[in-house]
2 protein chains.
Amino acid sequence: MVLDKINCPDDVKKLTFDEMKNLASEMREAMIKKVDVTSGHMGPNLGIVEATIALHYVFNSPYDKIVYDVSHQSYPHKLLTGRKEGFLNPELYLKYAGYTAPEESEHDVFKVGHTSTSISLATGLAKARDLKGEKHNVIALIGDGSMSGGEALEGLNNASVLNSNMIIIFNDNQMSIAENHGGLYTNFKLLRDTKGKAELNIFKSLGFEYHYLEDGNDVEQLVELFKKVKDTNKPTILHIKTIKGLGLKLAEEYKELYHYIFPGMAQKLPDMDYEDNWTLIRDYIKKATKKDKTINLVSAGTPGATGFDEEFRKSLGSQYTDVGIAEQHAIGYISGMAVGGAKPVYAVLSSFIQRTYDQLSQDLALNNAPATILVAWAGISNGDATHLGTFDIPLISNIPNIVYLAPTTREEMFKMLDYAINQNEHPVAIRIPLVTLKETGIEDRTDYSILNKYKLIKQGKDVAIIAAGDFYELGIEVYKKLKEKGLDSTLINPCYLTGLDTNMLESLKNNHKVVITLENGELDGGFGEKITRFYGNSDIKVLNFGSTKEFTDRIPLNELYEKYHLTPDLIVQDVMNIISEKAAL
Amino acid sequence: MVLDKINCPDDVKKLTFDEMKNLASEMREAMIKKVDVTSGHMGPNLGIVEATIALHYVFNSPYDKIVYDVSHQSYPHKLLTGRKEGFLNPELYLKYAGYTAPEESEHDVFKVGHTSTSISLATGLAKARDLKGEKHNVIALIGDGSMSGGEALEGLNNASVLNSNMIIIFNDNQMSIAENHGGLYTNFKLLRDTKGKAELNIFKSLGFEYHYLEDGNDVEQLVELFKKVKDTNKPTILHIKTIKGLGLKLAEEYKELYHYIFPGMAQKLPDMDYEDNWTLIRDYIKKATKKDKTINLVSAGTPGATGFDEEFRKSLGSQYTDVGIAEQHAIGYISGMAVGGAKPVYAVLSSFIQRTYDQLSQDLALNNAPATILVAWAGISNGDATHLGTFDIPLISNIPNIVYLAPTTREEMFKMLDYAINQNEHPVAIRIPLVTLKETGIEDRTDYSILNKYKLIKQGKDVAIIAAGDFYELGIEVYKKLKEKGLDSTLINPCYLTGLDTNMLESLKNNHKVVITLENGELDGGFGEKITRFYGNSDIKVLNFGSTKEFTDRIPLNELYEKYHLTPDLIVQDVMNIISEKAAL
């Protein structure tokens, strides 16, 4: 095996082209085997193997700096930079992150997991180099639909006038996560079709030197190209055409589905017949769009993450828009649609709604545009530090005018969807949890247009449990355990994360000593703190349960729950401590 | 006067070209006279007079929809849409907002004050129109440097594939707020130089139909051009070259300075000899950059707003970067620079740091990049709803890893700058208030690397006042008034908005009944709530003082202070209410 000889980038430099080709095959085999066990980004990594080998053959990392966009195509890089054990030894499969991580290796410059950042980060590195009078190459590797993101476009605009060394490798695999959208991609196609020779060239328009490579999976040609531009003193674009998923038949054929795979998918197509919040929402949208032709479903390049498969998307026709990876535009777009009298519904991951705070504030909230936003993957998880779902409550709920709803059951979710889509008063966001919501069988008849009206589920005394969204189930557990301890507590489903039911909260003062809040997200700036502030000048004690302000990185959920006191037992213990203190007085 | 006859856009349609030219002069005169009294955007509005007349001559607002980017060039539009009294009658000078405002007129589609949003909003309007089977024109008017903003670029990418009517008027006045930067502007110059004929054309690359007009201040040619594209079924760019400041000599000559003018400036150049926080920072940076060649000062297109005049910028040479209006890129760029070992200092308005939440989180905080951010114009103000400085504490302080400092004096500000720039551990933001910080004459010897150590200014009992940043002065007033009432209270300057001094807070429990927090910003998700949560399970009462979660719009500061209980008397009254309640028990 060639891979046996590779322990650092210097070892790559000693290889012949034939060995490099064999190395590429071995790397693919290792990655497929590993990712098929652990889950992970398959398609993007398979496409970039040769370019990564060529990079380490020509350039001198870590002296030269390579910045991977999203860094979900950094597995080959990890294989070549001292971390191959993480791909070859099943016991170490989980040792390394799925993204670049400076704490793992000096060859990883940044921790990156959101798209479209590489050009800006690399421009900064290049500027630092110039200020310090250093001479190394700075390389940004970007692809996979990242180019349409605002930060990438802003970055291109500024990188092009840097007036010194800066090499942007544009890995054009003809795909975003799903198919590509927008005028940029029309230009990229034209450039591919003309082998880079078309006059209309967005990169040249911006002032870049531009090179095109038709076979971006040919290591020999890649090496030649990289050698040509090494130590250039001009901002340069290398537009290389690669094949996403190369080397795994299923990934080559089902490019979107195999962007990220789950265990077993390397062997066979997954069973798509399951039910979760998003398949339910999909069916709901299908029916709703048939009845109302002004409903438009919007995704920003990640329809798969919310279960919007190709068949479904096609069935919606012009009632579906994928704006590509362009979350800011998505919010401007739905704001415009809502003000224009249509009914947009935008589905976006909790972690990615971060990319659009100002648009939420200025385009949407300030105009009270009655658009609907579905926030996906929301909540504490064992995920990578770059894809946490814990920050959306502080982000959204401190912006005026937005109504942020948290369903606790399937019926509530549907009723909230009905309300959000058909009202004309407010921007409404609905927090869709990671766990599949339970069906109660009882129709929800709530009128959600009466804002901030909490649901009093059980009227008790002494302790009140305000349990939001999918932590309502946790609230029930706490309620039961307190009952076991002889406490007849009050249980409340707040439904709204953006406002207080001051009447209900006021009434709790009469016969309650302790109020606890449960939310599946960051406490700082979150829902619970607003309740605590309400009670600040009263005798009621308040305990807030949620996550700490921190970036957690692949920590098992049960560990996080222990740490944050998010188990029924730990919560009850904290409550009892206060109750007994009070009793002792 | 032609203007006498104009009460709505229909009146414009009846004019001859000669009358339109006279109208343009009359509008300019009215605007200059008014803005010279009230302050306001001068340059951009003077440049767009003819285009606005031509728009209303050719198109049918409000049937056709016109979206103004930033909408700081909507004064001519206001003059023609029933609001001329706001420019002609000095008593009504303040009646209308400086930006488009749907509550004022059916001709204003959105409330807009941040740049780069018009294309996305208009794309949404166009999509709504198509879904509803309607036929009107949708027009976005963008210029003044807005084109480099991420949302505008994302919007271009998607507008170009809309496949129906969408007209983008690109008002190229060869300026951002300051001069333009980046590859885009190089291309715009090429297009101007070739009268739109250059082959390298970014708009055509994206798939737009493209028209160029050399004299964008000629109403006749504008009418001809607009007529040509009216009812087009293709996304179309009209690149019109205009003269910023046209009609006011000083504004034509000093384009940057006269972008926004203050009273009297229409008559003569303002006196630039004053001292405020930003002139102090400017002098500090001047010295610091001379000593340390790795310091780089960064602005995102608004250097004037932080007092970075042209002479100063030039004096920094390559140690100054203006990335243009591209706040996301700015954060990526400084993150890259900091990780690369340089010392970036980015000055940005509180209202505009909103444009970069995800970059703060992912590029900066997750990488613990030791960059310095100076947050300007922070605090409650009588400003427009689109430019409030109240949201930055909730925005920044709930992101992990960032250290957010709030100086209370000039000496602290300098010491915090020293610390932020020269440390290598954390991203550090410093909140620069609107009021000029006082000089104490006493050197600040604090070691700010010991995080979250609050300063105990006066040790008292019963009441503790935690007064942050520029509200520290308010804290002193409250302290004095409480003293008059016989209360010997504790006064604390927290310095840090991002963390708690748990030791100090814990010790307050011993002999305090009430803790109050004062912060110049939104309470929801802000600093005070964190203190309240800390005391949630204790007997201490906590009152948080700050602003409510709302968009206020040109409300006088004293009214806001009354409403929010931010005067010493109102605060003391609230405190005494609790103290006497407690005493009565």
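Predicted model: local features only at pLDDT ≥ 70, side-chain atom pairs only at ≥ 80, totals over all residues.

Author: Strand β11 of chain B spans residues 372-378 and is mostly covered, with seven of its seven residues buried. Strand β10 (residues 343-349) of chain B is also joined to β11(B) by five bridges, and these two strands run parallel. There, Leu374(B) in β11(B) has Ala347(B) opposite.

Six strands of chain A follow the order β9-β8-β10-β11-β13-β12 in an open sheet with parallel pairing. Its edges are β9 (320-322) and β12 (403-405) of chain A, each of which pairs on one side only. On average, and with direction ignored, neighbouring strands of this sheet are turned by 20 degrees against each other. At one end of the order, β12(A) pairs in the parallel sense with strand β13 (residues 428-433) of chain A over three bridges. Within this pairing, Tyr404(A) has Ala429(A) in β13(A) as its bridge partner. Helix α19 (residues 410-422) of chain A lies across β8, β10, β11, β12 and β13 of chain A, and runs at about 155 degrees to β13(A).

The relation between the two chains comes next. A rotation of 180 degrees, with 0.0 Å of shift along its axis, superposes chain B on chain A with an RMSD of 0.0 Å. The two copies are therefore related as by a two-fold rotation axis. Both copies use the same surface, since 100% of the contact residues of chain B recur in chain A.

To the contact between the chains, chain B and chain A contribute 94 residues each. On the side of chain B that touches chain A, helix α7 (residues 118-131) of chain B gives the most, with ten residues. The residues of that side comprise 32 nonpolar, 42 polar and 20 charged.

One helix pair shows the contact in detail. The axes of helix α8 (residues 150-159) of chain A and helix α15 (residues 327-339) of chain B come within 8 Å and cross at roughly 75 degrees. The helix α8(A) is therefore roughly perpendicular to α15(B). From α8(A), Gly150(A), Glu151(A), Glu154(A), Gly155(A) and Asn158(A) meet Gln328(B), His329(B) and Gly332(B) in α15(B). The residues of this contact include no nonpolar ones, six polar and two charged.

Methods: Residues numbered from 1 in each chain as written. Chains lettered and ligands numbered in written order. Axes fitted to C-alpha atoms, helices over the stretch in contact; angles between N-to-C directions. Helix = DSSP H or I, 4+ residues; strand = E, 2+ residues; numbered from the N terminus. Parallel < 35°, antiparallel > 145°, perpendicular 65-115°, else oblique. Contact = placed C-beta atoms within 7 Å. Nonpolar A, V, L, I, M, F, W, Y, C, P; charged D, E, K, R; others polar. Buried ≥ 20, exposed ≤ 12 C-beta atoms within 10 Å, placed from the backbone. Pairing = 2+ DSSP bridges. Least-squares fit on C-alpha atoms with pLDDT ≥ 70 in both.
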